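Today I went through the charged side chains and noted which of them pair up. My entries follow the display.

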Amino acid sequence: MVKKVDHIGVAVKNLEESLKFYQDVMGMDLAGTEIVEEQHVKVAFLPIGDTEIELLESTDPEGPIARYIDKKGEGVQHIAYKVEDIEVAIAEMKAKGVRMIDEKPRYGAGGAKIAFCHPKSTNGVLIELCQRD
Ligand code: ZN
């Protein structure tokens, strides 16, 4: 069902500061940034091989990334797997007993269709299903 790791989402307090590490130390290139209003997040895209690191900074103290950092600190927040058809993937997950945070696809950074699985069903990892057309 899953094709590859589409991206890894990393929660950061400050995008500009974090980018220095990825660009200056790791030598990675910034492909762009986007504000995703629905998620209250500013995203920076750093492609590496055929996957991507996405740095996520909250734009709202009550947003999901701000709450994540309050609870767990900065770090890997989710792993996104590429799927061909997100509607089919969601139905398959549900049929296999996985609790979904999103029962319907929603807008993700870069114009993807995404849906999150509940970490209680995935050994504690926030898994994102991600379809790119
Ligand atoms: Zn993501």
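Entry 1. I searched the whole structure, a predicted model, and found six salt bridges. I wrote up some of them below.

Entry 2. I looked up lysine 20 and found its side chain in a salt bridge with that of glutamate 17, at 3.0 Å from N to O. Both residues sit in helix α1 (residues 15-25), three residues apart, so about one helical turn separates them. I then checked accessibility. Lysine 20 is partly exposed at 44% relative accessibility, and glutamate 17 is also partly exposed, at 46%.

Entry 3. I turned to glutamate 54, which forms a salt bridge with arginine 132; the closest N and O atoms are 3.8 Å apart. The cut-off for a salt bridge is 4 Å. Glutamate 54 belongs to strand β4 (residues 51-58), while arginine 132 is in the segment after β8 (127-131), so this pair ties together parts 78 residues apart in sequence. Is glutamate 54 buried or exposed? I read 4% relative accessibility for glutamate 54, which makes it buried. Arginine 132, at 30%, counts as partly exposed. I also noted a network here: salt bridges with shared partners join Asp6, Glu54 and Arg132.

Entry 4. I looked up arginine 106 next. Its salt-bridge partner is aspartate 102, and the closest N and O atoms of the pair are 2.9 Å apart. Aspartate 102 has a relative accessible area of 10%. Because buried means under 20%, I logged aspartate 102 as buried.

Methods. Residues are numbered from 1 along each chain as its sequence is written. This is a predicted model: local features need pLDDT of at least 70, side-chain atom pairs count only at pLDDT 80 or more; totals for chains, interfaces and linings use all residues. Side-chain values use heavy atoms; hydrogens and water are left out. Helices (H or I, at least four residues) and strands (E, at least two) are DSSP runs, numbered from the N terminus. Buried means under 20% relative accessible area, exposed over 50%, partly exposed in between (1.4 Å probe, protein chains only).
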